[in-house]
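Visitor: I am new to this structure. Could you walk me through a few features?

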Amino acid sequence: MKDILVMKNIVKTFGTGHTKVTALKEINFTVKQGEFVSIIGPSGSGKSTFLTISGGLQTATSGEILINGQTFSTLNEKKRADLRFKEIGFILQSSNLVPFLKVHEQFTLVKKVTKRKEDNTRLDSLLRSLDIYDLKEKYPRDLSGGERQRVAIARALYNEPSLILADEPTASLDTEHAYDVVNLLIKEAHEKQKATIMVTHDERMIQHSDRIFHMQDGQLVEKPFQQ
Amino acid sequence: MFLAIKEMRYAKLRYGLIIGMMLLIAYVVFMLSGLARGLAEEFKKGVEDWQAQEIILSQEANKTLTASQLTMDDFDQITANQKAPIGIYNGAIKGTEQNVTVFGTTEKAFLLPTLIKGTRFKQNNEIIIPENLAKDGYHIGDTIKIGSYPEALTIVGITSENYYTVTPVIYTNLETWTQLKFGDQPLNNQPINAVITKENTQLPSTNEKMTSLTTPELIENIPGYSAQNLTLDAMIYFLFVVATAVVGIFMYVITLQKTAIFGVMKAQGIRNSFLANSLIAQAFIVGVIGVGLAILLAFGTSLVLPDAMPFAIIWSQWALYSGLLISVAIIGGLFSIRTVTKVDPITAIGG
C-alpha cells in the first residue's frame with residue numbers, strides 16, 4: 001500500500017525564549033492508502049496543531065511532510081492551497097458547507113474552482129451512496145446535524161482526494177448519528193481506498209479504526225490493538 | 001460570479017438594501033444631471049442655435065452680451081461670409097408675469113430659427129415667438145405689448161422651443177427692438193449689442209473696440225451660468241464619493257460576517273483570487289442593478305415633472321455617470337479584499 005501522508009521529525013513551536021511552547025515534538029507518522037486512523041487526546045494536547053500541519057494550513061518549525069509524494073513544507077500559501085484543494089478532503093467540526101449554497105451547488109462550486117466540465121452522473125451516484133440524494137435542493141440550514149456531516153463527507157470525497165482529514169466530525173451529533181458518521185467514514189476509507197485521519201476526543205468513536213494514536217504533550221503514541 | 005449570484009439570491013434582503021442605497025444615490029445623480037442640463041439648456045439654447053463661428057462684442061463688455069455696445073457702423077466694417085447684427089432686450093409681456101428675451105436682427109439674418117408656423121417679420125411691430133411661449137395661449141395674429149412700449153406687437157410666426165437665460169426668445173427687427181429698448185430717444189447711429197458671423201470672419205484692423213468670442217465662451221460668461229453648473233456638478237461629484245463609501249461600508253460589514261466561511265473555503269484550498277473575484281462581482285452586480293433601476297426611475301420621473309422644472313436627458317452623460325457609478329461601487333468592494341485575504345484558513349480547524 002502506498003504511503004499517503006508521511007511526517008518526518010515534525011516539530012512545531014510557538015513563541016520564543018521564555019514563552020516558547022512546543023506543540024509537537026519530533027513526530028514521525030505515516031498513513032497508508034485505505035487506512036482509517038484515529039487520533040485521540042485531550043484538548044490542548046496538540047491535536048489541532050497536528051491536523052493543521054498535516055493539512056498544510058500552517059508549516060512546521062522543522063521536519064518534512066509529504067502528501068501523496070509531494071513535499072508540503074516548502075510550498076508558498078498559493079501552492080499549498082492548490083495542493084489542499086487537490087489532495088485533501090476536510091470534514092470539520094460543525095460543517096464545512098457554504099451556508100448560502102444548496103447541497104448540489106456545494107459541488108458546483110468545486111467544479112467552478114477547478115473549471116472542470118462534467119455532468120452530474122458521478123455526483124449523483126456519490127450522493128445516492130451516502131443516502132443524501134433527496135437533499136440536493138436544500139440549504140445547509142435546513143439539514144439535520146447528521147445530514148450536514150454526510151453532505152460534508154460527500155463534499156470531501158467529491159474531489160477524489162488522497163487524504164481525508166476529519167476534525168471532530170461527531171462533535172455536534174448525538175451518539176447514534178455520531179456512530180453513523182464514523183462508520184460511514186470508515187466504510188468510505190476502505191471502499192474508496194482513502195487514507196483517513198480522524199481527530200476526536202470521544203473514546204467511543206475510535207473502536208473500529210485500523211490504527212489508534214494517542215496525542216499526549218505533543219507526542220503521538222500508538223495504542224496496541226485491543227481486539 | 002457563481003458564488004456572488006448564489007449568495008445574493010440567498011441573502012436577498014441584505015443585498016436588496018445595498019442595491020436600494022445604490023439606486024437612491026444613482027437616482028439623485030441622474031435627477032441632478034437632468035435638472036442641471038435642463039436648466040443649462042434653457043440658459044443657452046437661443047445662443048447655441050445661432051451656430052455662430054464668432055460672436056463679436058465690444059471690448060469692454062467683459063464677454064457679456066447684454067453689456068456689449070456696438071453700432072451698425074461697426075457691423076459694416078466686419079467681413080464674413082454670413083453676418084447678422086443682434087440687439088438684446090429683456091422685458092415682460094404686459095398683463096402677465098412672463099419675462100421674455102427679445103432679440104432684434106434683420107429679416108434675412110442667417111441666425112433666425114426655423115419657423116414651424118407663419119412667416120418671418122417683415123414690417124415694424126411684427127414678432128416671431130417660440131412654441132414654449134405660444135403654449136400659453138398665443139396664436140398667429142394675436143398682439144401683445146412688451147414693457148413700456150405703447151404699440152401692439154403682432155405675432156406673425158412661431159418657431160420651435162427657444163430659450164435664453166430661462167426666458168422665451170422673441171425675434172423682431174432692429175427698428176422695433178430699438179423702440180422697445182430705447183423708446184423715442186434720439187440716436188445718431190443704430191445701436192446693436194453684437195455681431196454674429198459665420199465663416200471667414202475678419203475684424204477691421206483699424207477698429208480696436210471690438211473683440212470676438214466663440215459660442216461656448218459666450219455661454220460660459222452668461223451671468224450665473226457657470227456658477228449654477230459648478231454647484232450642481234459638485235453635488236453630483238460628491239455623490240460619487242458617497243456611493244463609494246456606502247457600497248464600501250456595506251460590503252465590508254457583510255465580509256466581516258463571513259470570515260468564518262471564508263476560513264473554511266480557504267482551508268479547502270479555494271484561492272484568495274476566487275473569493276476576491278466573487279466580492280468584486282457582487283459590487284459590480286449591485287452597481288449595475290442599482291444604476292439600471294435608477295435610470296428607469298429618473299426617466300419615469302422626467303415624464304411627470306412640471307414645465308417649471310426643465311429636465312434634459314443627455315444620454316452620453318448618463319452613460320458616463322452610469323459607468324462612473326458602477327466603477328465607484330467596485331472601488332467600494334475593493335476595500336474588503338484585504339479582509340478576505342487576511343482570513344487565516346487555520347481558523348477553520350479546532351476552536
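Guide: Some terms to begin. Buried means under 20% relative accessible area, exposed over 50%, and partly exposed in between, with a 1.4 Å probe and protein chains only. Helices (H or I, at least four residues) and strands (E, at least two) are DSSP runs, numbered from the N terminus. This is a predicted model: local features need pLDDT of at least 70, side-chain atom pairs count only at pLDDT 80 or more, and totals for chains, interfaces and linings use all residues. Residues are numbered from 1 along each chain as its sequence is written, chains are lettered from A and ligands numbered from 1 in the order in which they are written, and side-chain values use heavy atoms, without hydrogens and water.

Visitor: How many residues of helix α1 of chain A are buried?

Guide: The helix covers residues 47–54. Among its buried residues are A:F50, A:L51 and A:I53. The helix is mostly covered, and the buried count is seven of eight.

Visitor: Which residue takes a positive phi just after α1(A)?

Guide: Look just past the end of the helix. The phi there is about 70°. The residue is A:G56.

Visitor: Which residue of β4(A) stands opposite A:M7?

Guide: Strands pair if DSSP finds at least two bridges between them. Strand β1 (residues 3–14) and strand β4 (residues 62–67) of chain A run antiparallel, joined by five bridges. Opposite A:M7 stands A:I65.

Visitor: Which residue takes a positive phi in the hairpin of β4(A) and β5(A)?

Guide: Two bridges join these antiparallel strands. A:L66 stands opposite A:T71 in β5(A). Two residues lie between the strands, and the positive phi, near 50°, belongs to A:N68.
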